[in-house]
Amino acid sequence: MPENTSNGGAIGSLERAVGELQGIDRARAAQGAAPNPELIERPRRRRFSAKYKLEILRQVDACTRPGEIGELLRREGLYSSLLTEWRRARDCGALQALERPRGRRKADPRDAENAALRRRAERAEAELEKARKVIEVQGNVSALLGQLLDPRGAPESTER
């Protein structure tokens with residue numbers, strides 16, 4: 001099948017080339033060779049401990065000459081925006097704020113337990129209401145049967 005030279009063909013050949021490189025990279029990894037620098041792994045978010053953050057802030061505060069902070073940031077692979085965030089957290093006085101994980105907070109297990117107990121209580125109340133209705137109906141049926149079988153309504157028997 002002839003390869004299309006339009007854009008779709010170029011993309012197809014590029015995908016094949018990347019696939020071949022990945023196959024070669026897997027073979028190298030199996031042999032213990034260095035990974036292929038052309039292939040980029042999926043980036044991961046970096047996490048820094050509070051101790052590391054405080055140490056970097058101390059080093060930055062100790063810098064006095066022009067360019068020292070930039071040199072420190074390049075050496076550590078950090079951005080100046082991180083320094084701004086870390087300083088703000090440090091100035092709030094909360095070491096915990098420096099270690100606070102990003103993203104959503106984990107759900108409190110007590111919330112799930114409370115919801116389960118609430119559902120259980122609602123079911124019990126519904127069953128109790130049904131039982132009350134059944135008892136009421138049984139009382140009405142008993143009263144009705146009592147009226148029907150009451151000897152007062154029957155003619156008196158004559159003595160012989």
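A salt bridge here is a side-chain nitrogen of Lys or Arg within 4 Å of a carboxyl oxygen of Asp or Glu. This is a predicted model, in which local features need pLDDT of at least 70 and side-chain atom pairs count only at pLDDT 80 or more, while totals for chains, interfaces and linings use all residues. Residues are numbered from 1 along each chain as its sequence is written, and side-chain values use heavy atoms, with hydrogens and water left out.

Start with the charges. The salt-bridge count comes to six. Asp 61, Arg 90 and Asp 91 are linked in a network of such bridges. Within it, Arg 90 and Asp 91 meet through their side chains at 3.7 Å, N to O. To place residues on a burial scale, buried means under 20% relative accessible area, exposed over 50%, and partly exposed in between (1.4 Å probe, protein chains only). Asp 91 is exposed, at 61% relative accessibility. Arg 90 is partly exposed, at 29%.

Another bridge joins Glu 55 to Arg 58, with the closest N and O atoms 3.5 Å apart. The two residues sit three apart in helix α2, which means that about one helical turn separates them. Helices (H or I, at least four residues) and strands (E, at least two) are DSSP runs, numbered from the N terminus. Glu 55 is partly exposed, with 36% relative accessibility. Further along, Arg 110 bridges Asp 108, and here the closest N and O atoms are 3.0 Å apart. Arg 110 is exposed at 55%, whereas Asp 108 is partly exposed at 29%.

Now go inside. A nonpolar core is a set of buried Ala, Val, Leu, Ile, Met, Phe, Trp, Tyr and Cys residues joined through side-chain atoms within 4.5 Å. The largest one has nine residues: Ile 56, Leu 57, Val 60, Leu 72, Leu 73, Leu 78, Leu 82, Leu 83 and Trp 86. Helices α2 (50-62), α3 (68-76) and α4 (80-91) each give two or more residues to this core. In soluble globular proteins, nonpolar side chains tend to be buried together. Setting aside residues up to four places away in sequence, Leu 57 contacts (heavy atoms within 4.5 Å) Leu 83, Trp 86, Arg 87 and Arg 90.

Rings of Phe, Tyr and Trp (its six-membered ring) pair if their centres lie within 6.5 Å; planes under 30 degrees apart count as stacked, over 60 as edge-to-face and the rest as tilted. The count comes to three aromatic pairs. Phe 48 and Tyr 52 have ring centres 5.4 Å apart and planes at 15 degrees, so they are stacked. Phe 48 and Trp 86 also have centres 5.4 Å apart, but their planes stand at 70 degrees, so this pair is edge-to-face. That pair links distant parts of the chain: Phe 48 lies in the loop between α1 (7-31) and α2, and Trp 86 in helix α4, 38 residues apart. Ring pairs join Phe 48, Tyr 52 and Trp 86 into a cluster. Trp 86 is buried at 4%. Phe 48 is partly exposed at 21%, as is Tyr 52 at 24%.

Patches are made of residues with over 30% relative accessible area and no salt bridge; like charges are joined within 9 Å, nonpolar side chains (Val, Leu, Ile, Met, Phe, Trp, Tyr) within 5 Å. Accessible areas come from the Shrake-Rupley method with a 1.4 Å probe, and for residues only the protein chains shown count as cover. Val 137, Val 141, Leu 144, Leu 145, Leu 148 and Leu 149 make a nonpolar patch of about 620 Å². Val 141 lies in helix α6 (residues 109-148). Val 141 is partly exposed, at 44%.
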